[in-house]
Amino acid sequence: EEIIVADTSNHRIQIFEKNGTYRSEFGTPGKEEGQLWYPRKVAVMKNCGKFVICDRGNERSRMQIFTKHGHFVRKIGIRYIDIVAGLAITRQGHIVAVDSVTPTMFFIKENGELDKWFDCQEYMCEPSDIAVSGSELFVCDFKGHTVVVFDENGNFKRRIGYDKITNFP
């Protein structure tokens, strides 16, 4: 396994071995398709090794797919997402993006088709990131001072932490 880093201010993706040894990097600064403009989130599609990257592009959030060697594959239109606060891949290979403005989770197929979405406003204030473990989605709620756990169908499962314990996850 490798460590993949979105090097935001340098408009690139860096790849390291688990022990921290530098392997490679890719990215050309710019707002055109295949270029990177302040990349903020990166997730790896383990079934094929492709990278899903969210950056600024010409919009508030742009989603693009690259090969593991950094070659541009496609842009995914995400006009329904304001700001991608978190990005992960489910075990089925769906891209999961969480919007920090509307507290909503979006499940997107690799071809860019929106599969489903869940409104999470009832359970969180401002999502700041997401992780997937098995069939559970762990969403950090920056302003709610907690991690909120959902299943893959958007059902609330539990909270981890609270104010003064997990101040800003």
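**Pocket, sheet and salt bridges**

Strands S1 (2-7), S4 (41-45), S8 (84-89) and S12 (127-133) each give at least two residues to the lining of the largest pocket. Strands here are DSSP runs of E, at least two residues, numbered from the N terminus.

Some ground rules. This is a predicted model, where local features need pLDDT of at least 70, side-chain atom pairs count only at pLDDT 80 or more, and totals for chains, interfaces and linings use all residues. Residues are numbered from 1 along each chain as its sequence is written, and side-chain values use heavy atoms, with hydrogens and water left out.

Back to the pocket. A pocket is an open set of points on a 1 Å grid over the protein atoms alone, where a 1.4 Å probe fits, with protein on both sides within 12 Å along at least five of seven lines; lining residues have an atom within 4 Å of a point. The largest pocket holds about 710 Å³, the space filled by probe spheres set on the points. It has 23 lining residues, and Glu1, Glu2, Ala43, Val44 and Lys46 are the closest to its centre.

Next, the sheet. Four strands form an open sheet in the order S12-S13-S14-S15, paired antiparallel; pairing takes at least two DSSP bridges. S12 and S15 (156-160) are the edges, each with a single partner strand, so one side of each has no neighbour in the sheet.

Last, salt bridges: a side-chain nitrogen of Lys or Arg within 4 Å of a carboxyl oxygen of Asp or Glu. The count is ten. Arg158 meets Glu136 at 2.8 Å, N to O. Arg158 lies in S15 and Glu136 in S13, so the pair ties together parts 22 residues apart in sequence.
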